[in-house]
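Open the model in your viewer and keep the selection tool ready. We will go stop by stop.

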Amino acid sequence: MENRPLEYDYSVSKLFIYNTLFVGFIGMFVGTYIAWEMAFPSLNVIFGDGAIAEYTNFSRLRVLHTDSVIYGFVLSGVWATWYYVGQRVLKVSMAESKTLMVIGKLHFWIYFASSAVIVVSLFMGITTSKEYAEFEWPLDLGITVIWLLWGASIAGLIGLRREKTLYISLWYYIATFLAVAMLHLLNNLEIPTYYASGGIGAWSHSVSMYAGTNDALVQWWFGHNAVAFVLTTPIVAIIYYFLPKESGQAIYSYKLSLLSFWGLMFIYLWAGGHHVLFSTVPDWVQTMGSVFSVILILPSWGSAINMLLTMKGEWQQVASSPIIKFMVLGSTFYMFSTLEGPIQAIKSVNAIAHFTDWIIGHVHDGALGWVGFTIIAAIYHMIPRMFKREIYSKKLMATQFWIQTLGIVLYFTSMWIAGITQGMMWRAHDEFGNLAYSFIDTVTVLHPYFIIRAVGGTLYLIGFVMFIYNIYKTMSARQVEESELQNATPMGA
Amino acid sequence: MFHWLEKNPFFFALAVFVTIAFAGLVEIVPNFAQQSRPLIGTTPYSTLELAGRHVYIKNSCNACHSQLIRPFKSETDRYGDYSLSGEYAYDRPFLWGSKRTGPDLMRVGNYRTTDWHENHMWDPEKVVPGTIMPAYRWMFVNNTDIDTAYAEMLTIEKFFGVPYNKPVPMKDGTTKIIKMGATLNEARMMALEEAITISHDMKNQDVIDAVALGRIPEIVALIAYMNSLK
């Protein structure tokens with residue numbers, strides 16, 4: 001008994017993986033579709049301009065894209081890894097506690113049901129308009145329950161742990177839990193009008209506790225840090241576990257992890273002000289937002305460099321393993337994106353970049369390159385261990401990697417050019433001091449870049465379909481690996 | 001210290017929470033102590049305007065249009081005076097947006113008319129050749145939800161003291177009263193009166209007929225809101 005390895009229970013993790021693939025495909029499909037809509041507006045009315053046009057219109061679909069990718073694809077991916085990594089780094093099996101199993105299952109199914117309600121409500125146009133917090137009050141309550149269930153799972157596993165010291169990944173999961181809880185609750189303080197008015201109007205409608213500038217300040221404190229604590233910290237948690245596991249290398253530096261973690265925790269929350277530069281929020285908040293955004297390069301690069309140096313002496317693995325490729329390029333995109341962000345947060349650059357497609361480009365090199373690749377790599381690592389099978393096709397995985405990388409490059413380069421072109425045209429004056437371009441001139445000029453972007457998005461989507469196929473074939477393959485897998489994931493030709 | 005924290009999850013979580021909550025406390029709390037106050041001349045939204053604002057939000061107009069004019073010559077030339085904090089005092093939620101796929105709308109009421117909006121929402125390409133904005137024809141059919149707008153007015157008056165039925169100071173020294181219905185029926189009547197005025201400047205026969213029968217299509221409310229943005 002003593003020497004037998006623990007049998008970890010992956011049933012909850014598997015559910016989240018299926019959801020990652022399912023919602024990931026939907027979210028990316030919708031994203032690609034609306035990218036083509038921007039290039040060819042007639043796609044907005046693909047089913048005619050009658051009653052159904054409401055549901056194929058860019059304005060309704062855009063929010064479905066952002067929310068399904070952030071809260072569907074990414075959060076499912078994060079939770080899939082939590083229910084895998086949590087057990088392993090704490091040396092407890094979910095199977096040891098019935099309560100934890102129930103919490104995990106409830107966590108998934110309530111989340112799944114709420115996601116379905118969210119999709120319907122966003123199609124109907126029930127939204128608070130606040131970006132990434134569009135959900136009305138009943139859904140906000142549902143999200144709170146989901147979040148608390150996850151918190152219970154973290155606390156429960158930690159309570160039962162055999163390994164006393166918390167591994168770095170756990171620091172980041174804990175930080176994600178706490179920060180998003182705080183942000184979600186404070187940004188969504190709202191009064192349901194139906195109850196406040198004694199039963200008049202729509203039941204789901206609410207009005208924000210904050211008005212105007214205050215509302216903007218809270219929203220972008222939330223909006224920026226939702227990015228931080230959904231699209232960054234849990235992804236750092238993932239890579240801190242999976243890169244050393246897959247490569248068989250120890251983390252390069254514990255001190256660098258410490259510096260990056262506590263630095264990130266302290267600095268990130270200040271930077272929200274860079275979303276409202278030149279607006280009516282107090283000047284000092286804007287300046288703080290700018291300054292802290294630049295300082296943020298340090299902890300961000302700290303984590304990324306720690307990852308890259310973990311590969312020290314083992315760089316041949318980048319050539320030989322597509323999983324390592326995904327993780328190393330993911331970390332590189334993290335460095336890239338966390339350099340680009342601070343540049344855009346400098347006031348004089350922001351004057352050109354804000355409101356343009358350059359911001360969209362920035363979001364996507366982070367989301368597609370860093371977040372997407374890291375989650376894809378983690379799933380490629382987990383599936384063979386859960387199903388005790390080798391990956392169906394290494395060649396397919398490598399092809400997917402290159403197609404998606406090409407897609408990302410087309411995406412961000414076209415959006416850079418589009419954003420800077422438009423930003424410069426908006427501010428151009430002729431020799432008499434009049435505006436040089438009408439607004440529509442600055443839209444029509446973007447047409448080729450919108451097409452290139454849509455092609456880039458389509459390539460990424462094609463790669464994602466290859467990923468789903470590869471995972472499906474792996475799960476359904478007959479070959480079974482007997483022993484517990486060490487390090488490098490076995491792959492078929 | 002860090003080694004100790006990493007073995008004591010409760011204190012670890014506490015330390016993380018204090019570290020992340022710090023910035024919010026410093027940045028947000030002082031700003032709230034000094035609440036955003038309305039400028040002289042800034043009035044609350046009327047029933048129909050507020051309902052139109054809901055139509056704007058329902059269709060995520062804010063995904064492509066900003067309502068924030070930055071203090072640059074190019075922006076004030078294009079859109080009018082730069083935005084001031086007090087102008088947003090009655091905006092719950094704020095609608096600054098984060099992307100200008102289309103132009104800013106902060107002061108669109110100054111330079112576009114009911115007629116322009118009607119044509120543009122029906123067929124944008126005809127009004128602005130080369131535009132990538134889609135048509136919003138369902139707004140000419142769907143009914144406006146006046147009841148929810150009224151419920152919101154009651155709520156914001158009760159909880160935030162929004163001055164409905166009270167004199168609001170205007171720039172020229174006079175005062176203006178934005179009325180709120182005492183009952184739901186009165187609110188519906190008032191919204192319909194506003195809608196009738198707007199429909200006089202419209203030519204879509206279905207919309208005119210609907211208003212004559214006491215129904216308010218979403219497009220009418222949206223135009224009321226657009227016209228109020230000055």
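**Stop 1: the core**

The largest nonpolar core has 208 residues. Such a core is a set of buried Ala, Val, Leu, Ile, Met, Phe, Trp, Tyr and Cys residues joined through C-beta atoms within 7 Å. Buried means that 20 or more other C-beta atoms, placed from the backbone, lie within 10 Å of the residue's own. Select Ile174(A) and Val220(B): they have the most contacts inside this core. Next, select helix α3 of chain A, residues 58–90, which gives the most to this core, with 18 residues. Helices are DSSP runs (H or I, at least four residues), and strands are E runs of at least two, numbered from the N terminus.

This is a predicted model: local features need pLDDT of at least 70, side-chain atom pairs count only at pLDDT 80 or more, and totals for chains, interfaces and linings use all residues. Residues are numbered from 1 along each chain as its sequence is written, while chains are lettered from A and ligands numbered from 1 in the order in which they are written.

**Stop 2: helix α7 of chain B**

Select residues 146–160 of chain B. Is this helix mostly covered or mostly uncovered? α7(B) is mostly covered, with 11 of its 15 residues buried. Among them are Tyr150(B), Met153(B) and Leu154(B).

**Stop 3: chain A**

Chain A has 19 helices and two strands. Its C-alpha atoms fill a box of roughly 85 × 60 × 50 Å, taken along the principal axes. Of its 493 residues, 56% count as buried.

Conventions:
Buried ≥ 20, exposed ≤ 12 C-beta atoms within 10 Å, placed from the backbone. Expected span 1.5 Å × (residues − 1).
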